[in-house]
Amino acid sequence: MGRWEPDARGRLATAALELYSERGYEQTTVAEIAKRAGLTERTFFRHYADKREVLFAGSGDLQELFVRAVAGAAESVAPVDALAAGLDAVSEVFVDRREYARQRHAVITANAELRERELIKLATLSAALAETLRRRGVAEPAASLAAEAGVAVFKIGFERWIAASEEREMSQLMRESLNELKAVTTGGEVASPASPTAPIQYSD
């Protein structure tokens, strides 16, 4: 039997992000990540295909959670409100992870290859959400438009949440961003950011 390595995956992820932040993504090797984590390169490759995937390993789980929440929303709600359920669900994943998210975002933003990978992940998420909405009976092009809007709200809400001066929870920022999108598309008033507990205004 192999040696027990408690939380090897988490240790490798932490070590990788530290090194990417200190030295840059391109300048960091798998050997250095493994050494920083106190593990071997062989252990690294048991958990990650390459050093890029350390940053994107949770994307599939996040997409599954988002899609499942949208699919599970009440059948009577509008597509945008089904997406709101998904946004609420994924916001829970990021509780107490703001600093990690800030560091990860900084690493990705600094590298063209990683930025492209992030865009591919978002496009995949949009396609999955559109398919989920179609299964809920939403026709095209409404399903794809709503899915793209949901991903845009997620992206903008996330970027607001990781801003250096931001202290509000992600769920609140997602709700505000979604309300602002609704206001833009319906000609209504945008909810004031000064109302931290303002709920999502669901469609009739």
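Predicted model: local features only at pLDDT ≥ 70, side-chain atom pairs only at ≥ 80, totals over all residues.
**View 1. The buried side of helix H2.** Helix H2 spans residues 30–37, and its buried residues are Val30, Ile33, Ala34 and Ala37. These four lie on the same side of H2, because they cover an arc of only 95° around the axis. An α-helix has 3.6 residues a turn, so residues three or four places apart point the same way. Just after H2 comes Gly38, which takes a positive phi of about 75°.

**View 2. The crossing of helices H1 and H6.** Two packed helices are described by the angle between their axes and the distance between the axes. Here the axes of H1 and H6 (residues 98–109) come within 10 Å and cross at roughly 50°. That angle makes H1 oblique to H6. The crossing of H1 past H6 is left-handed. On the H1 side, the residues in contact are Leu17, Tyr20 and Ser21. On the H6 side, they are Tyr100, Gln103, Arg104 and Val107. Sorted by class, this contact of H1 with H6 has four nonpolar residues, two polar and one charged.

**View 3. Ala78 in the loop between helices H4 and H5.** Is Ala78 buried or partly exposed? Ala78 has a relative accessible area of 24%. Buried means under 20%, so Ala78 counts as partly exposed. Ala78 and Val138 are 60 residues apart in sequence. In space, the C-alpha atoms of Ala78 and Val138 are 9.2 Å apart.

Key: Residues numbered from 1 in each chain as written. Heavy atoms only, no water. Buried < 20%, exposed > 50% of the residue type's maximum accessible area, 1.4 Å probe, protein only. Helix = DSSP H or I, 4+ residues; strand = E, 2+ residues; numbered from the N terminus. Arc of directions from axis to C-beta. Axes fitted to C-alpha atoms, helices over the stretch in contact; angles between N-to-C directions. Parallel < 35°, antiparallel > 145°, perpendicular 65-115°, else oblique. Left-handed = near helix turned anticlockwise from the far one by under 90°. Contact = heavy atoms within 4.5 Å. Nonpolar A, V, L, I, M, F, W, Y, C, P; charged D, E, K, R; others polar.
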